[in-house]
Amino acid sequence: MTLLIDQSKKPTRYRSNEACVKHFCMARGCSNWGAFGIGASFKAGKPGQWFCSEHIAQAHKQLCTETRKPSDIPDYLLPQPVRARKARRERNFKKQQGVLL
Ligand SMILES: [Zn+2]
């Protein structure tokens with residue numbers, strides 16, 4: 001099922017306290033607090049998109065598939081068999097290139 005994201009529910013700053021950001025779940029029809037953010041960076045001034053625990057998995061699937069390729073994932077986060085396969089492939093490639101003898 002496709003999650004409909006309501007852009008009108010973007011994070012906003014509280015008028016009473018500019019330091020605090022109000023971010024409810026951006027799934028259409030949901031009124032839960034958005035505890036989980038995607039693409040949010042306080043330092044970079046990016047408000048990101050926020051979702052509740054019910055909607056974060058679907059939102060992540062929809063929003064992160066294109067931006068996050070397997071090659072973007074650092075080695076230490078890969079499961080051990082995947083890491084081993086990657087290392088083997090790189091070793092074979094180097095052998096073919098004549099780097100490793
Ligand atoms: Zn929600």
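Modeller: Please keep in mind that the model is predicted; the mean pLDDT of the chain is 86, and 89% of its residues reach 70 or more.

Biologist: Where in the chain is confidence lowest, and where is it highest?

Modeller: Confidence is lowest in α1, at a mean of 86, and highest in strand β4, residues 49-51, at 94.

Biologist: Why is H23 called buried?

Modeller: H23 has 21 C-beta neighbours inside 10 Å, and the label buried asks for 20 or more, so H23 counts as buried. H23 is placed in the loop between β2 and β3, and, leaving out residues up to four places away in sequence, H23 touches P11, G34, G37 and W50. The C-alpha atoms of H23 and G48 are separated by 9.4 Å, although these residues are 25 apart along the chain.

Biologist: Why is C30 called partly exposed?

Modeller: C30 has 18 C-beta neighbours inside 10 Å, whereas a buried residue needs 20 or more and an exposed one has 12 or fewer, so C30 falls in between and is partly exposed. C30 is also in the loop between β2 and β3, and, leaving aside neighbours within four places in sequence, C30 is in contact with C25, C52 and H55. C30 and C52 are 22 residues apart in sequence, with 8.6 Å from C-alpha to C-alpha.

Biologist: What makes H60 partly exposed?

Modeller: H60 has 15 C-beta neighbours inside 10 Å, which lies between the limits of 12 and 20, so H60 is partly exposed. H60 is found in helix α1, residues 56-64, and the C-alpha atoms of H60 and G37, 23 residues apart along the chain, are separated by 9.4 Å.

Biologist: How do you know that Q7 is exposed?

Modeller: Q7 has 8 other C-beta atoms within 10 Å, and exposed means 12 or fewer, so the label exposed applies to Q7. Q7 is in the segment before β1, and Q7 and R28, which are 21 residues apart in sequence, are 8.9 Å apart in space, C-alpha to C-alpha.

Biologist: What makes α2 hardly covered, and how far does α2 reach?

Modeller: The count of buried residues among the 18 residues of α2 is zero, and on that count α2 is hardly covered. Helix α2, residues 80-97, reaches 26 Å from its first C-alpha to its last, close to the 26 Å expected at 1.5 Å a residue. Just after α2, G98 takes a positive phi of about 80°.

Biologist: What share of the residues in the chain is buried?

Modeller: Buried residues make up 11% of the 101 residues in the chain. Among contacts between residues at least 6 apart in sequence, 29% join residues at least 24 apart.

Notes:
Residues are numbered from 1 along each chain as its sequence is written. This is a predicted model: local features need pLDDT of at least 70, side-chain atom pairs count only at pLDDT 80 or more; totals for chains, interfaces and linings use all residues. Helices (H or I, at least four residues) and strands (E, at least two) are DSSP runs, numbered from the N terminus. pLDDT is the predictor's confidence in each residue, from 0 to 100. Two residues are in contact if their C-beta atoms, placed from the backbone, lie within 7 Å. The expected span of a helix is 1.5 Å times one less than its number of residues.
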